[in-house]
Amino acid sequence: MNYDIKAVIFDLDGTLVNSLADLAGAANHVLAEAGYPVHPVEAYRYFVGNGLDVLLRRALPGGQPSTQEAYAALLERVRQRYDTHWHDKTVPYPGMAGLLAELVRRGLPIMVLSNKPDPWVAPCVRYFFPEVRFDIVRGALPDVPRKPDPQAAQALAMQAGVAPENVAFVGDSNVDMRTAVNAGMAAFGATWGFRERDELLAAGAGVLLERPDDLLKWVQKTA
């Protein structure tokens, strides 16, 4: 398959950084305080990807709070916990900083699109990649549909001045691959992330990346 890649959009959690332990830690802390069972960190691989509210609903057992108010209060406690513990154990994936630096050197716009609430995304990117210049960094906004809806991804491409078909969307879940397909972008599956290869392929991945610098084989041209 031939691609003419002139820009790259990255997912954040499970793609740029391994944040599973901190996400699980925040949720488990609040679940335990509220008297709910907790989950192994690995179980959160299948809870993440659609935002913190969906993560919490997936983590709660059938006897979750009976009212929306009780659920909202629980969610707010998870947000507060994560807000102060988001970098306790989170780390960039090996080789990621080098890949990003090389993409910048080659002149490609690099962007981030996450379903994590927008106020958390830019600080995370700055903290773990302080030497890298990202062109656009975007999280979930209240008035924009979340991935896999293509609207946000297409808006990033437009802002960068690149046609969707010339954008590589790199992510680790079916949500990301569906976003790429829906937006008319090249879907690159990050196999080092939270989900399995079969899920990525079933959701439309055109290329599976075994490690970050594998992406460089597809972006030889400068923008």
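1. Burial comes first. A residue is buried when its relative accessible area is under 20%, exposed when over 50%, and partly exposed in between (1.4 Å probe, protein chains only). By that rule, D11 and K147 are both buried.

2. A word on the source. This is a predicted model, where local features need pLDDT of at least 70 and side-chain atom pairs count only at pLDDT 80 or more, while totals for chains, interfaces and linings use all residues. Residues are numbered from 1 along each chain as its sequence is written, and side-chain values use heavy atoms, leaving out hydrogens and water.

3. Now the charged pairs. A salt bridge here is a side-chain nitrogen of Lys or Arg within 4 Å of a carboxyl oxygen of Asp or Glu. The structure holds 16 of these salt bridges.

4. Which residue does D11 meet in a salt bridge? Its partner is K147, at 2.9 Å from N to O. D11 sits in the loop between β1 (7-10) and β2 (17-18), and K147 in the loop between β5 (136-140) and α6 (151-160), so this pair ties together parts 136 residues apart in sequence. Helices (H or I, at least four residues) and strands (E, at least two) are DSSP runs, numbered from the N terminus.

5. Look next at E102 and R105. They form a salt bridge, with the closest N and O atoms 2.7 Å apart. Both lie in helix α4 (residues 96-105), three residues apart, which is about one turn of the helix. E102 counts as buried, at 18% relative accessibility. R105 is exposed, with a relative accessible area of 63%.

6. R197 and E210 also pair up. Their side chains meet in a salt bridge of 2.4 Å, N to O. R197 is in helix α8 (residues 197-202) and E210 in the segment after β8 (207-209), so the bridge ties together parts 13 residues apart in sequence. Buried or partly exposed? R197 is partly exposed, at 41% relative accessibility. E210 is partly exposed too, with a relative accessible area of 45%.

7. Some salt bridges form a network. R211, D213, D214 and K217 are linked this way.

8. Finally, V162. It is found in the loop between α6 and β6 (167-171). At 12% relative accessibility, V162 counts as buried. Which residues does V162 touch, not counting those up to four places away in sequence? They are K6, A7, P109, A157 and V167, where contact means heavy atoms within 4.5 Å. G25 is 137 residues from V162 along the chain, and their C-alpha atoms are separated by 38 Å.
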